[in-house]
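Here is a short briefing for a first look at a structure. Keep the sequence and the 3D view at hand.

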Amino acid sequence: MRFKRYMTGVAIAALLAGSAYAQTSGQSPIAAGTLNPASEEAPARPVAAPEFRMADGIVATVNDSIITGFDLRQRMLLVIAMTQVQPTDENIQAIQQEALNVLIDERLQAQEIATYEDLVISDAEVDAEIAAMAQEVGTNAETYLSFLAEGGIRPQTLREQMRVSIGWRALVGGRFGTRARVSRGQVEQVMRQLAESASKPQYLIGEIYIEAARVGGQQQALDGAAQLVQQMVQGAPFQAVAQQFSAAPSAVRGGDAGWVVQGTVQPALQTALDQLDVGQLSRPIPVEGGVYIIYMRDKRDNSASSLVQLKQVMVRLPETASEAEVTAATARLTALQPQLTCDNMLARATSEEGLLGADLGEAEVPSLAPQFQQVARSGAIGSVSSPLRTPLGVHLVAVCGRRAGGIEAPSYRDVENRLRGQNLAMLGRRYIRDLRADALIEMK
């Protein structure tokens with residue numbers, strides 16, 4: 001049964017294993033671990049029961065809502081179950097702090113949701129959310145909840161979390177949906193940027209971002225990231241860890257940051273992207289405000305899927321042309337080159353004797369003549385090359401368009417939806433920060 005490969009009831013937590021990022025240990029000069037798909041026959045790992053020594057009284061108050069030691073233990077168990085992060089002396093405080101942060105945010109979210117009388121989340125919606133979670137690990141909701149219960153996690157704990165999560169998504173979407181919309185100009189700008197970068201190396205990555213302000217400082221973020229790397233090398237699934245611990249917008253997608261283009265990230269991250277091999281997990285990468293962990297899912301030199309639109313003006317010369325003829329043709333085109341654009345070059349070619357003009361259409365870079373490939377890869381859109389010699393003559397080549405090709409090229413709607421999702425995530429984070437700033441939060 002597929003579910004048995006992914007879940008096991010243990011004395012203290014039901015550990016949910018298996019994901020696109022399941023991994024085994026390994027080392028490299030830059031990577032802290034190498035991630036490989038789990039074997040189909042790999043058994044679920046037994047886990048020692050953690051011991052949580054904390055009082056059952058009130059741990060914190062959030063306005064008029066209390067968080068008890070029991071609430072905190074339940075949430076810690078749920079974090080452990082969802083991430084497979086093994087509790088140790090070194091990381092138990094980080095798990096406790098993350099669980100407490102989540103509980104505080106949920107209390108604030110629940111209080112805000114309650115101010116909207118028409119925003120009521122039904123039991124059916126909660127059931128559907130839990131059923132979807134269970135389906136992801138190949139089982140049904142009843143079996144899923146029973147395994148959590150074997151680990152000491154009350155079904156009500158998960159149901160409360162799901163009810164608040166669904167309500168918060170609805171509230172943020174309803175309140176900020178209009179502000180999160182993106183204009184046609186914004187989408188087209190991103191599409192142009194994608195076109196400009198279509199020939200550059202790209203990296204399919206997963207990311208985890210530990211925000212320093214959320215965990216008590218940069219050193220705490222670095223220490224926490226190091227613990228998470230160690231746990232993922234030992235088997236904790238990257239997706240689940242990202243969902244629970246990452247402060248990046250991609251957390252809701254299990255840390256999936258999609259394809260990243262060379263040169264579009266911070267220098268420290270670019271260094272890691274250049275050095276990581278496919279299937280490797282980075283060491284913690286400090287940046288301003290926090291720490292990143294990067295998982296390299298795939299790499300590609302995107303020139304093979306880059307489609308370039310070219311036009312040319314040429315002086316026809318056979319391979320047997322004399323050096324003087326080649327020099328004369330080169331000089332003529334060199335003088336003409338500053339006057340040419342994609343819009344006028346064909347007209348200029350037909351108006352001058354001895355020149356030939358052609359629209360070469362759209363083609364993949366590797367299919368072009370070798371002399372044209374470098375221009376096609378690196379030439380800016382609208383640029384006209386220096387004279388190029390081929391067996392047919394001497395050419396000026398203009399790069400008149402470039403776009404990503406292949407089935408993975410994003411559509412207008414793909415870009416629009418991603419931008420809107422990023423906007424909503426940013427507005428949601430601001431919303432909860434504002435609620436925290438205005439709340440009376442007391443730690444006991």
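The notes below cover cores, one serine and aromatic pairs.

This is a predicted model: local features need pLDDT of at least 70, side-chain atom pairs count only at pLDDT 80 or more, and totals for chains, interfaces and linings use all residues. Residues are numbered from 1 along each chain as its sequence is written, and side-chain values use heavy atoms, with hydrogens and water left out.

**Nonpolar cores**
- A nonpolar core is a set of buried Ala, Val, Leu, Ile, Met, Phe, Trp, Tyr and Cys residues joined through side-chain atoms within 4.5 Å.
- Buried means under 20% relative accessible area, with a 1.4 Å probe and protein chains only.
- The largest nonpolar core has 64 residues. Y144, L158 and M232 touch the most other members.
- Beyond its neighbours within four places in sequence, L158 is in contact (heavy atoms within 4.5 Å) with L78, M82, I130, M133, Y144, L145 and L148.
- Another core lies apart from it, with 18 residues, among them L317, A329, L336 and C400.

**Serine 246**
- S246 is in the loop between α10 (238–245) and β7 (256–261).
- S246 is buried, with a relative accessible area of 11%.
- Its side chain reaches the backbone nitrogen of Y209 at 3.1 Å.

**Aromatic pairs**
- The whole structure holds four aromatic pairs, counted when ring centres of Phe, Tyr and Trp (its six-membered ring) lie within 6.5 Å.
- F238 and Y295 form a tilted pair, 5.7 Å centre to centre with 40° between the planes. Planes under 30 degrees apart count as stacked, over 60 as edge-to-face and the rest as tilted.
- Both F238 and Y295 are buried.
- W168, F176 and Y431 are linked into a cluster by ring pairs.

Technical notes. Buried means under 20% relative accessible area, exposed over 50%, partly exposed in between (1.4 Å probe, protein chains only). Helices (H or I, at least four residues) and strands (E, at least two) are DSSP runs, numbered from the N terminus. A polar contact is a pair of N or O atoms within 3.5 Å; within protein, one must be able to donate a hydrogen and the other to accept it, and residues adjacent in sequence count only if both atoms are side-chain atoms.
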